[in-house]
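Thanks for making the time this morning. I would like to walk you through one model, going from helix packing to the cores and then to a few individual residues.

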Amino acid sequence: MSPETQASDSAATAAHPPQSLWRELRDAVRGTDADYTKIPLRRAVFLLAVPMVLELVLESTFAVVDIFFVSKLGPSAVATVGLTESYLFLLYAVAMGLAMAVTAVVARRIGEGKREEAAITAVQAIFVALLVAVLPALVGVLYAQDLLRLMGADAWAIEHGYRYTQWMLGGNAVIVLLFVINAIFRGAGDAAIAMRVLWLSNGLNILLCPLLIFGLGPIPALGIEGAAIATNIGRGCGVLFQLWMLFHAGKHLRVSLDQLVWRGAMLWNIVRTSLGGIGQMIVAMTAWIFLMRILAAIGSEAVAGATIAIRLMMFTMMPAWGMSNAAATLVGQNLGAGHADRAEASVWRIGWYNMAYLVGVSVLFFAFPQPLVAFFSGDPEVVKVGAEWLRILSYSFFVYGWWMVTVQAFNGAGDTITPTKINAVFFWLIQIPLCYALAIHFGWKELGVFWGVFVSETSVGLFTLWLFTRGTWKQATV
């Protein structure tokens with residue numbers, strides 16, 4: 001932290017004296033109208049990170065609960081979820097790319113004190129989200145079996161599991177809207193609202209998932225299709241809650257009916273800014289599709305074990321992503337307010353928090369990989385594959401923490417192009433060829449994929465951290 005930032009933070013601390021931890025926690029969960037560009041940096045990080053962490057903890061809890069119940073239907077059902085998610089990852093890429101742009105633009109407008117422009121930007125973001133959802137819905141409903149066949153799914157998945165794929169892709173609008181509207185709340189500093197949205201949607205998912213999969217009383221057992229229906233109901237209710245809060249309850253941003261207008265220039269600014277974010281996510285997600293295709297060639301057990309491992313990874317990494325999202329908001333708002341040094345200081349502070357947390361996770365993965373995977377599957381081969389990946393992942397988690405925060409610093413600043421270029425090199429030119437060579441050419445099978453991921457993602461993390469230290473992201477404009 002520079003001397004100027006230290007002096008500014010000391011002045012902010014004097015103007016806003018520390019409160020009790022309980023009161024700070026209550027404010028973080030309930031939401032405040034605090035100006036994150038002026039209050040002490042430690043408090044700004046706390047008020048934003050706590051709800052973002054809690055938000056994503058429940059999101060990751062649902063991911064684990066969902067795969068726990070689906071795993072009771074057998075390895076083919078788990079593989080169906082994994083292969084469908086390979087396509088959903090493309091949708092997530094677009095939704096997350098849009099979300100990055102929306103967070104950056106809204107945060108910058110809030111930092112500049114232009115709240116009406118921020119609200120109109122939010123409306124344009126919703127228009128874009130609805131347009132994005134149309135094509136994937138049509139393709140998913142009409143060609144679900146063909147999509148699974150293309151990914152190398154087994155006979156059970158193609159004959160029975162395709163209905164899961166139809167529901168998940170057909171209802172993709174709720175996925176995109178959840179991402180985008182919560183990005184609006186985060187960019188504005190209303191992280192507590194985004195947290196409550198996911199509490200509602202994922203709480204409903206967790207309740208409905210076993211009920212619709214296995215049935216109860218007059219409710220028929222729908223099997224794997226029930227998991228998808230539960231997810232759509234939960235997320236749909238979450239979107240309705242988002243819209244109500246956006247119009248009635250935002251502390252930093254609130255939309256009025258007269259702002260529901262098409263503004264082509266603002267909409268294009270979102271699309272233009274999001275192209276880099278979409279690009280970086282598509283690069284990463286398509287790389288994951290290739291990896292799943294390699295694993296599918298090895299066998300359904302390899303796909304199932306990898307799917308369980310990635311769900312466990314998601315579960316444990318969500319708190320770190322929450323803290324990283326806080327960095328994006330702080331970077332965007334502080335750059336908008338002209339406080340570039342404070343923006344950088346927030347990234348370093350959150351980076352140390354992230355690293356410490358993920359080192360603890362890595363110890364857990366290294367020490368207990370088999371019991372963790374065995375909780376979700378009794379198949380010895382599935383447990384073996386999943387445990388192998390968890391242990392290999394544990395070697396690189398300390399780098400992941402810095403990677404996540406520095407990438408979000410670029411995105412929060414509006415520089416989404418730089419991470420795209422980095423991802424293209426490390427995922428397409430290094431990860432995919434390396435994993436294929438190790439798994440297929442050298443016969444390492446799933447271990448080749450896992451070690452290829454370790455090498456490429458550790459390298460990209462270190463390189464991104466080095467690039468962040470050069471400071472070019474501070475000159476980005478949105």
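This is a predicted model: local features need pLDDT of at least 70, side-chain atom pairs count only at pLDDT 80 or more; totals for chains, interfaces and linings use all residues.

**Helix packing, cores and selected residues**

On the α8 side the residues involved are Arg186, Gly187 and Ala188, and they meet Asn325, Thr329 and Gln333 of α12. Sorted by class, that contact is made up of one nonpolar, four polar and one charged residues.

The mean pLDDT of the protein is 87, with 95% of its residues at 70 or more. Confidence is lowest in helix α1, residues 3-15, where the mean is 50, and highest in helix α13, residues 340-367, where it is 93.

Turning to the cores, the largest nonpolar core holds 117 residues, and those with the most contacts inside it are Leu253, Phe397, Tyr400 and Val449. Which helix gives the most to this core? That is helix α4, residues 75-111, with 19 residues. Phe397, if we set aside its neighbours within four places in sequence, is in contact with Met313, Thr316, Met317, Leu358, Val361, Ser362 and Phe365. Apart from this core lies another, of 41 residues, which includes Ala343, Val347, Ile350 and Val407.

Val407 brings us to helix α16, residues 397-413. Its relative accessible area is 12%, so Val407 is buried, and, not counting residues up to four places away in sequence, Val407 touches Gln280 and Thr464. Val407 and Leu330 are 77 residues apart in sequence, with 13 Å between their C-alpha atoms.

Trp403 is also found in helix α16, and with a relative accessible area of 14% Trp403 is buried. Beyond residues up to four places away in sequence, Trp403 touches Phe427, Glu457, Val460, Gly461 and Thr464. For Trp403 and Thr464, the separation is 61 residues in sequence and 6.4 Å in space, taken C-alpha to C-alpha.

Next, Tyr164, which sits in helix α7, residues 155-170. Is Tyr164 buried or exposed? At 2% relative accessibility, Tyr164 counts as buried, since the cut-off for buried is under 20%. Its contacts, leaving aside neighbours within four places in sequence, are Asp66, Thr80, Val81, Thr84, Ile224, Ala227 and Ala228. Glu85 lies 79 residues away from Tyr164 in sequence and 11 Å away in space, C-alpha to C-alpha.

I will finish with two loop residues. Phe368 is placed in the loop between α13 and α14, and with a relative accessible area of 46% Phe368 is partly exposed. Phe368 and Asn411 are 43 residues apart along the chain, and 35 Å separates their C-alpha atoms.

Lys445, in turn, lies in the loop between α17, residues 417-441, and α18, residues 446-469. Its phi is near 55°, a positive value in a residue other than glycine. As background, most residues other than glycine have a negative phi.

Note on methods
Residues are numbered from 1 along each chain as its sequence is written. Side-chain values use heavy atoms; hydrogens and water are left out. Helices (H or I, at least four residues) and strands (E, at least two) are DSSP runs, numbered from the N terminus. Buried means under 20% relative accessible area, exposed over 50%, partly exposed in between (1.4 Å probe, protein chains only). Contact means heavy atoms within 4.5 Å. Ala, Val, Leu, Ile, Met, Phe, Trp, Tyr, Cys and Pro count as nonpolar, Asp, Glu, Lys and Arg as charged, and the others, Gly among them, as polar. A nonpolar core is a set of buried Ala, Val, Leu, Ile, Met, Phe, Trp, Tyr and Cys residues joined through side-chain atoms within 4.5 Å. pLDDT is the predictor's confidence in each residue, from 0 to 100.
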